Amino acid sequence: MLIDLQDGELVHGENFSLFAAMSALEIMDPKMDSGIEKSGYNSIEEAIGDGVAPVPLSLDRTVDVQRSIDVMDHLFSCEATWHKGHTLAQTVFTCIYLMRMERISSHAVLNSFCRILRATCNAVISVVSTARTHEEEDLFTMAFGLPLRDEGDEKCLSILNAVEETISRQLRACKAQALSKTKTLQDLESLQDNPDLEEDYCRALLCRLRFRKVLTLFPVQFCSKMVHVLCNVLTIMFQAVRYFEKLLHDLDVICALSLDPVLENVLHFIVQFQKSVPDLVPRAFLQTLLIQDGKLYGQNMFPDVISRALSLPDIIGDKEFQMNEFVVQLGQLVINLLKILCTNTAWQRRKLGKSLQDWSTISIQLELALKREFGETRNVLHHENMCMRVSKQLLIWTQEHAYWVASRFLTLGFELDLYSPGEYCMVYWYMYVVFTKLIEKMQLRVLASSETSRRKGKKKKDHSKDSGRDTAFSSTCLLLQCYVLLSEGLSMMLAVLRNESRSFQLPSIFNTEQEHFDLLQKARVPEHISYYSFKESSSRAGISDLVKYNFFKEIQKIIPSLRGSFASEPEKLAELRRIEQVAEHNRIALNIISQVGPNDPSLRVSFEFTHHPHFAVAVVKRDHDSSLA
């Protein structure tokens, strides 16, 4: 009996579960239904026998060159499609020339191109598999038994270079002929039979071969200058070029990364890099660069990276410190954090939420060990020994990074559009608490580091370095303070609208607020804070308190001093402009809400992310009126 299925309906057995649905095949989906584009042939041999993928591509040499160019362009498109998540079997290796390379051994251009493409695919799969950033695109690394390697592939680059040099000589001869107006090309065989097209065809082939070489070199020795070379030589006009241009730009950004072992700078770089929404391949290469043989950049042991973060350079390389149980665990947590930050944002948020438990657990273990070893005191004392001081700094540093992970977890929710307007109030309340705690821990860490420096009796030169670092630290804290004020102001504004106008209430009987922050609660981040703490504080929010504290106006007082501090940092100056715009618009909106009254039935307030991806702007309207703010 035939049954018609409507769009979205599913054929399944009685024991079918939601988990099984994740592995179900969706008919007519090009990524999942391999039979959607059936060629009509049952085997490669049958297709070849029917004249598909001929060698040469045409007996007419001019047509042969043109068809070779078409094949190369098609393969570029297939490669880009594979990078975007489709299978290798349904993209690059749909080309019979790649499946039967021996057939094109006599066709120098096509053979060199296909051989180096195959080697590139193999290298990219190796890097992505090693980096394990591909869990969300798990089909990417599946080879399906395809011929990805063959004897002699290690010479593919030299073969391509030889073909490139031959065509380059032909192009130079064409130019010389044009200048001397001679009729023949001495000692060189033309690519095809039409002299008027020879120079253009030489340029077209060289463009594609050089582009192919750029895409082949980047896994091992990518050079930022290649992007500029590419812009000069690339004339191929098809959709795949836009993908490859962004790929090469992203790789250029990665190559510009200084091999600075300061963890704070590394984390900042990854967060900024992710703002460009890089695809799987550049994220895999970034992770490969960051973590090699269990070391940062393959050079710095992670215990040494941690000791630098604690401002304890004199114990870098100290075996006892490196082998300390907590330091080893923290080193692994840092490695995991870097790997997580290289995944796409959806996976990243999920994994960050789970990793919070690990950061919290080791914080608790460190604190218990500190109490067991040295007693209850947690303040930095002049008479304490070095072991006690290092233990305290390690605890503070761990707690600081737990709050950094929590802040990233919270803000990614906005980028992924996970929060409903009814949840904004609690999200911003949590952000306010987390940013406050982050500042507190940063200040404690710097205070402890400064005390250690003073005890060592640093020279004046060292003190000047500390002074510069302290200035940068204070600017970072002030920027975080702007986030604190924005978060607290928005949370209170939303709480007032909840309490006095009954707007921004949760639409369902299910407590999605509590569910959203279950991972934070389990990890006890923030410390001693619960969902009921939020409910209690938000229920007391009133318009008079909101106007009195005027958080948005306070931000506008801080911004001018930060502009000077960040004068040489365009990214942070742009962030200051975004913050200032959010503060200004919300200050105006707050004034209007205060004047009209939040319980005025004609008042309509909505929130938009027009100026900042994480901090909303209140848009105030009244019935039958245009926008007021």
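**Backbone details in the loops**

Modeller: Let me begin with Asn550, which sits in the loop between helix 22 (543-549) and helix 23 (551-565). Helices here are DSSP runs of H or I with at least four residues, and strands are E runs of at least two, numbered from the N terminus. This is a predicted model, where local features need pLDDT of at least 70, side-chain atom pairs count only at pLDDT 80 or more, and totals for chains, interfaces and linings use all residues. Residues are numbered from 1 along each chain as its sequence is written, and side-chain values use heavy atoms, leaving out hydrogens and water.

Biologist: Thanks! What is the phi of Asn550?

Modeller: Asn550 is not a glycine, yet its phi is positive. The value is about 40°.

Biologist: And why does Asn550 count as buried?

Modeller: Buried means under 20% relative accessible area, exposed over 50%, and partly exposed in between (1.4 Å probe, protein chains only). Asn550 counts as buried because its relative accessibility is 15%.

Biologist: Where is Ala53 found, and what is its phi?

Modeller: Ala53 lies in the loop between helix 2 and helix 3. It counts as buried because its relative accessibility is 12%. Ala53 is a residue other than glycine with a positive phi, near 55°.

Biologist: What is omega for the peptide bond from Val525 to Pro526?

Modeller: Pro526 belongs to the loop between helix 20 (518-522) and helix 21 (531-539). The bond from Val525 is cis, with omega near 0°.
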